[in-house]
Amino acid sequence: MTARPDLHDSAFLRATRGEPVPHTPVWFMRQAGRSLPEYLKVREGVGMLESCMNPELVVEITMQPVRRYGVDAAIFFSDIVLPLKAVGVDLDIKPGVGPVVAEPVRTLADVEAIPDLTPDDVPFITEAVRGLVGELGATPLIGFAGAPFTVASYLVEGGPSKEHARTKAMMFGAPDVWDALMRKISGISAAYLEVQVAAGASAVQLFDSWAGALTPRDYETHVMPHSARVLERAGALGVPRIHFGVGTSNLLTLMGEAGADVVGVDWRTPLASAVPLVGDRAVQGNLDPTLVFAPTDVMTARAGEVIEAGRAAKGHVFNLGHGVIPSTDPDQLKRLTEFVQTYPL
Ligand code: CP3
């Protein structure tokens with residue numbers, strides 16, 4: 001059913017299904033990006049969104065960490081707010097800040113003014129994914145989208161937020177507006193994933209980076225049904241679905257139940273504690289991203305503990321417990337990749 005049946009037996013895809021693997025597969029969130037000098041070079045004078053809409057650049061940037069580290073999966077170079085930009089929302093990604101929205105969404109009329117996403121809005125995504133699957137050969141490509149809550153936070157706050165106070169005020173105080181907004185975003189995110197899989201992505205990851213701001217009760221009532229719709233549409237495409245959030249130790253069971261095949265675990269939760277919470281699902285994670293700044297033997301000892309904890313799971317994909325920090329030494333990530341791929345199972 002996937003566009004690349006030849007990748008079915010790759011270590012990464014086998015692990016997502018909980019099948020035996022030759023080695024623990026490894027990739028890193030934000031493996032492409034500012035930690036790589038070759039990234040900084042090709043991005044010189046080119047804005048973030050502009051880069052995401054340039055297929056040639058997307059292929060090059062996505063390939064950079066694959067060439068350098070030999071990781072078991074590539075992650076498509078894009079951003080969670082790119083589909084909003086593609087449908088006409090006035091936003092930018094400011095260096096060192098993140099996504100900034102010119103006119104924050106506050107009313108039902110604001111929500112209704114956001115168009116739905118069709119494949120015709122993102123021809124450059126189709127072109128980039130097609131180019132990538134050709135270049136990647138035996139390495140699977142992970143497509144991704146932002147989950148409704150995390151994307152809603154940028155739209156409602158107008159930019160990055162610690163407390164997500166306006167977003168949660170809408171969630172608690174204007175349920176009809178909230179429901180309309182979450183339906184709008186879930187439709188856009190699902191359509192964005194469908195475009196990537198139709199063009200050849202072998203798996204998808206739904207990023208709900210800020211879901212950790214919610215209690216389990218509010219997550220379950222106001223957020224989970226919308227994420228579940230995105231994951232259901234992705235599931236219909238026959239590719240494994242990874243569901244990741246930050247600070248979500250008390251949400252892991254629900255995030256699995258939302259329809260994930262693999263639950264991404266951030267570094268604050270010991271992997272051994274996460275495994276029983278996700279039931280019959282694989283896990284992804286979760287080395288503290290700052291451990292790459294420790295001496296190599298300290299880093300690899302901790303990585304070994306993560307791999308050992310992963311044995312109890314249905315399947316385990318090794319990753320950091322959040323994105324690569326821009327000041328990371330790529331040579332250290334190379335050593336980490338080799339350590340994981342040669343760790344005896
Ligand atoms: O290698 C990869 O992981 C693929 C690319 C990727 C980017 N953004 C590229 C990017 C992915 C998967 C994302 C997802 C994303 N974007 C998330 C979810 C993942 C997470 O980290 O929790 C979120 C919350 C965003 C929103 C966003 N976009 C932020 C917070 C930032 C960083 C702002 C900054 O400058 O510190 C961005 C910009 C961004 N997206 C960069 C990259 C490589 C940095 C911009 C640059 O290089 O100029």
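Guide: We may begin with helix H8, which is followed by Gly158; the phi of Gly158 is positive, near 90°. Helices (H or I, at least four residues) and strands (E, at least two) are DSSP runs, numbered from the N terminus. The model is predicted, so local features need pLDDT of at least 70, side-chain atom pairs count only at pLDDT 80 or more, and totals for chains, interfaces and linings use all residues. Residues are numbered from 1 along each chain as its sequence is written, and side-chain values use heavy atoms, with hydrogens and water left out.

Visitor: How many residues of H8 are buried?

Guide: Buried means under 20% relative accessible area, exposed over 50%, and partly exposed in between (1.4 Å probe, protein chains only). Helix H8 spans residues 148-157 and is mostly covered. The number of its residues that are buried is 10 of 10.

Visitor: Which backbone oxygen does the side chain of Ser189 reach?

Guide: Ser189 is found in helix H10 (residues 175-198) and is buried, with a relative accessible area of 3%. Not counting residues up to four places away in sequence, Ser189 touches Ala145, Gly146 and Val230, where contact means heavy atoms within 4.5 Å. At 2.7 Å, its side chain reaches the backbone oxygen of Gly146.

Notes
Polar contact = N/O pair within 3.5 Å; in protein donor to acceptor, adjacent residues only side chain to side chain.
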